[in-house]
Structure formats: structure tokens, C-alpha cells
Amino acid sequence: MADKENKKKPNPTDTHVGSRIRLRRNMLGMSQEKLGENLGITFQQIQKYEKGTNRVGASRLQAIATILSVPVAFFFEDLPGEEGTANRGFAEDPSTTFAIDFCTSAEGLQLNRAFVRIQDQKVRRRIIELVKSLASDDGD
């Protein structure tokens, strides 16, 4: 019976790839419906991909990467369990993934979308200073 329960649980890699699809789609402000339309599938299928319930095939992942304007490798970045440093090159230290975690949160996405719409550089700097003072950040 434990085997049946494990079979229903999504593979961690599939879950990660799905979360990266959701991240990039949200960064672009694209709906599941729009992504599905571009792929010729339903938004429900996109939901299943994003949850990791359904595995994304290689050709479909390539099509998603093209639509979302990222390389296929984007979906595998920061894959859990791939912490080895031998082939990391100039990659960030894994401990800096807090920024990615924030950007994938609902608040982070809302803040990022609103912030990039502010055209005035001075206003942007003032907002950064305001946030720093509210956080009472002693560093930097």
C-alpha cells in the first residue's frame, strides 16, 4: 500500500520544473490560459505541469521555453539535491536562493511587477530607502 501512495506523489524534479514554469509565466504576467493557448493545450494541463502532477515531455518543455523566452536549462536551475560545486562555474552560492524564494512568492511577484512600472529612477531609489528603513536593516 505504501507503494501506491508513493506513485501518487509527484517526482521532486517534476515539481521543481513546474514551479519554474509558474515562476517565469508569472514574471511575464502571462495566464495559464494564454500559455495553454500558445501550446495548443488546456489551462488545466498547465496547472498539472506546474504542480508536478504531470511530467513535461522534452519537446513540450522546449516549446514552453521558447514561449517564455528562457533556455530550457532555466527550468532546472537550483534543482534540489544538485548542490555540487564542481560544475557551478560563476553560479551564486546556494544560500542566496532566498531571493528566488521571495520572487516566487505572491508578495514578491506583486512588488516586482509594481516596481518595474515606476519610470522615475529617483522614486525607485526612495522606495528602496523606505523599505530599508522599515526593515531597520543595519547592513549595507
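So, what pattern does the protein follow, read along the sequence? It goes α-α-α-α-α-α-α-α, which comes to eight helices and zero strands. Helices here are DSSP runs of H or I, at least four residues, strands are E runs of at least two, and numbering starts from the N terminus.

Quick housekeeping: this is a predicted model, where local features need pLDDT of at least 70, side-chain atom pairs count only at pLDDT 80 or more, and totals for chains, interfaces and linings use all residues. Residues are numbered from 1 along each chain as its sequence is written, and side-chain values use heavy atoms, with hydrogens and water left out.

Okay, helix 3, residues 32–39. Its buried residues are Gln 32, Leu 35, Gly 36 and Leu 39; buried means under 20% relative accessible area with a 1.4 Å probe, protein chains only. Down the helix axis they fall within an arc of 100°, so they line one face of helix 3. That arc uses directions from the helix axis to the C-beta atoms.

What do those buried residues pack against? Helix 2 (12–27), helix 4 (43–51) and helix 5 (58–67), with contact meaning heavy atoms within 4.5 Å.

Let's look at helix 4. Helix 3 and helix 4 pack at about 105°, with axes 8 Å apart. The two are therefore roughly perpendicular, a label covering 65 to 115 degrees; axes are lines fitted to C-alpha atoms over the stretch in contact, and angles run from 0 to 180 degrees between N-to-C directions. On the helix 3 side, the contact includes Glu 33 and Leu 35, and helix 4 brings Phe 43, Ile 46, Gln 47 and Glu 50.

How values were computed. Buried means under 20% relative accessible area, exposed over 50%, partly exposed in between (1.4 Å probe, protein chains only). Angles under 35 degrees count as roughly parallel, over 145 as roughly antiparallel, 65 to 115 as roughly perpendicular and the rest as oblique.
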